[in-house]
Amino acid sequence: MKFTINLKHVLALFLAFVTVNTAYAQEIIKDEVKEVTKKVDSVDTSKARKVDGVAAVVGDFIVLESDIQKERDQVQASGGSLEGVDDCQLFGLMLERKLYAHHAIQDSIPVSDAEIRKNVDYQIQQFLQQTNGSMERLLEFYNKDDEQGFRDEMFEINKSNLLAQRMQAKIVEEIEITPEEVRTFYNKIPEDERPTFGTELKVAQIVAEPKVSEEENQKLIDRLKQFKADIIERGASFRSKAVLYSQDPGSASKGGKYTLNRKQPRMVKEFRQVAFALQEGEISEPFKSDFGYHIVTLEKIRGQEYDVAHILLTPKISSEAIQEAKDRLENVRKRIVDGDISFADAAKEVSDEKETKNDGGQLINPTTQDYNFELTRMDPELYAQIQNLKDDDVSLVLNEEDRTGNVKFKILMVTDRIEDHKADYARDFIKIKDLALEEKKIRAIEEWQDEKILDTYIKVSKEHRACDFSGNWLKK
């Protein structure tokens, strides 16, 4: 979108900073924190030099004077841009983040130590890439004495930022918008200021997958049944079988082990359904998923968590089956080009992709959940496949690997094209709805912030009271 409606851009910057996780601040025990000083001369205290001071106190958090420059350095080190953002605006964003974190603690919003440590590990690995893997150079850059101290500080930073994220998400989690509100939002925008949307395409595809023979499928089922019999009747180890025979690269070396959580779906539906239906120590019958054939055993139930192990065998596809699938799609393409059948009818008749075949092969945009793909935001791989197609042209037969590593073939067609255009209520309803919803969420956040500022202990040092804050941090 070339035009962006002005919805408090400084707040939007804050949302980006929370994701980056770059603030520096420490929790405090007392409301009043004295300035830290360093004696230059142990006798003549008149030469004491101010090393750092408290820029602000927000609830249970402080922001030090040095944190403002650290924030700027961290954002830039992470590849962010602060062009046009002065220290007062940056300071205001930091105050907002501390306000969210403080009230997240008051509201008992959960943040797990394991999740925080995972974030820290990832961030440090990213930072190390900038120092060619040298921890010594990294510690020198951030002026830290040792790695553990650096990790401890990063832990507190991430904890504060994650609390802020969760608090903000809680504020807006139940906000919805009605069609009437969308219409009102759209009508409020002057016609000459309405956003312009870039070129959009609708894309359809027909997929041909090589067929696995019934003999191959039965061979895998029989082999898994034999594994189960060896374990139950002969005392063989499930974990050892998984290490030796499972074709799941993510778990074979660990004896096929996974931990599933009922509230956080991770594995494919077929796998979850079987695993959650087992009793501890039970081994399933062989079952099929998109990845192949499995047997799974339930080792232990720990509340919502299930410790399981599985063995996966994937069927082998013959070269003859691969060639047959390609030839089948070549023949379909010829029928479409010759005008014997429409692309949509051909998709319904022959496509092996169940998600699209009954819809004429039309692809769904995973971001917007409609049929339109904005050209500038299209997946690079899909763009490369259709960029040279004119409307109603049929691509050559393309081959690619699916998520299980199997080869499949497809043909593509651009079924509709909408050039750059001013926002139209009927045509662009979903995009306009998203903008209207975002505005409503921002208003809710602003109202929450205004209310909580008045209810929270906040003290801004005199050095920063001249700032023209967007929020009422000075409680005037």
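This briefing covers the nonpolar cores and the disulfide of the structure above. The model is a predicted one, and a search of the whole structure finds 1 disulfide in it. The largest nonpolar core has 61 residues, and another core, of 17 residues, lies apart from it.

**Nonpolar cores**

- Within the largest nonpolar core of 61 residues, the members that touch the most other members are Phe-91, Leu-95, Leu-138, Phe-150 and Trp-473.
- Helix H6, which spans residues 147-172, gives the most to this core, contributing 10 residues.
- Leaving aside residues up to four places away in sequence, Leu-138 touches Ile-124, Phe-127, Leu-128 and Thr-131, as well as Phe-150, and both Leu-138 and Phe-150 are listed among the core residues that touch the most other members.
- The core that lies apart from the largest one has 17 residues, among them Ala-208, Ile-336, Ile-341 and Met-413.

**The disulfide**

- The disulfide is formed by Cys-88 and Cys-467, whose sulfur atoms are 1.9 Å apart.
- Because the torsion about the S-S bond of Cys-88 and Cys-467 is about -70°, this disulfide is left-handed.
- Cys-88 lies in helix H3 (residues 87-106), whereas Cys-467 lies in the segment after strand E16 (458-460), so the pair ties together parts that are 379 residues apart in sequence.

**Exposure of the two cysteines**

- Cys-88 has a relative accessible area of 27% and is therefore partly exposed, a value that falls between the limits of 20% for buried and 50% for exposed.
- Cys-467, with a relative accessibility of 9%, counts as buried, because buried means under 20% relative accessible area.

Key. Residues numbered from 1 in each chain as written. Predicted model: local features only at pLDDT ≥ 70, side-chain atom pairs only at ≥ 80, totals over all residues. Heavy atoms only, no water. Core = buried A, V, L, I, M, F, W, Y, C linked by side-chain atoms within 4.5 Å. Buried < 20%, exposed > 50% of the residue type's maximum accessible area, 1.4 Å probe, protein only. Helix = DSSP H or I, 4+ residues; strand = E, 2+ residues; numbered from the N terminus. Contact = heavy atoms within 4.5 Å. Disulfide = S-S within 2.5 Å.
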